[in-house]
Amino acid sequence: MPSKPMIGYAHVRKSFGPVKAVDDVSLDIAESEFLAIVGGSGSGKTTLLRLANRLIEADGGTITVEGEDIATLDPVALRRRIGYVFQSGGLFPHLSVADNIGITPRLLGMPAANIAKRVDELLALVQLDRDAHRDRLPEALSGGQRQRVGVARALAAGPRIVLMDEPFGALDPLTRDALGEDFRELHRKLGLTTVMITHDMTEAILLADRIAVMRGGRLLGLGTPAELSKSRDDYVLELLRTPRRQVERLNTLLPQSGPA
């Protein structure tokens, strides 16, 4: 692990009234790492994600981004250098696809011609046909298309870090699987540092380099699937067993494929 992680949490705390949403969490995320944070509802995983770009302010501890204490940074400027992908795409409904993707570069003062070129590059990157999609409104898109536009918008200002809040959770299984694989390839191709929230352990195992397991605001486990399998925490082990149990049940329910 590098001496200065891309994102670092040190003894971070956040409460909402009596509820400790994030309870003394320390975690380093390396440059170019793909980290998945898993846990049930109320585990604190989304709060932990939003603390990194100051959508929520921490009560205590220190969070660093690219070696800088984010408490010393302008929150708006911080958010503009970190891509953020929402569960449902989070697109502005009254703006076209091109205007949604170009909104951050426009706020950063990029010339209109450069924005137009950047939009076309990103549409190609997320595998959407420029002529067919550029001028559409979000309501005219499928769920998978909206999420691809959401990814393109998150990448528009060339961030080194992308935060993803259950980005594929609302999609049908085939679209979800394809989009997950496509984003993993984008992560590799662009050298991104990605932090993804998911409640799906199978998705975390398939996409992430390491997995952080949260429950009740605390970090119960952190590591590769092989490292987590050596955990002494019953909840961590139960989460890891879930995909295998699903495969076993599927194997009993689905007919065995015959010769090709």
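Modeller: Glu 203 is placed in helix α9 (residues 201–207), a helix being a DSSP run of H or I of at least four residues, numbered from the N terminus. This is a predicted model, in which local features need pLDDT of at least 70 and side-chain atom pairs count only at pLDDT 80 or more, while totals for chains, interfaces and linings use all residues. Residues are numbered from 1 along each chain as its sequence is written, and side-chain values use heavy atoms, without hydrogens and water.

Colleague: Why is Glu 203 called buried?

Modeller: Its relative accessibility is 8%, and buried means under 20% relative accessible area, exposed over 50%, partly exposed in between (1.4 Å probe, protein chains only); therefore Glu 203 counts as buried.

Colleague: What makes Arg 176 and Glu 203 a salt bridge?

Modeller: Their side chains meet at 3.1 Å, N to O; the definition asks for a side-chain nitrogen of Lys or Arg within 4 Å of a carboxyl oxygen of Asp or Glu, so the pair qualifies. Arg 176 lies in helix α8 (residues 173–190) and Glu 203 in helix α9, so the bridge ties together parts 27 residues apart in sequence. Both residues are buried.

Methods:
Helices (H or I, at least four residues) and strands (E, at least two) are DSSP runs, numbered from the N terminus.
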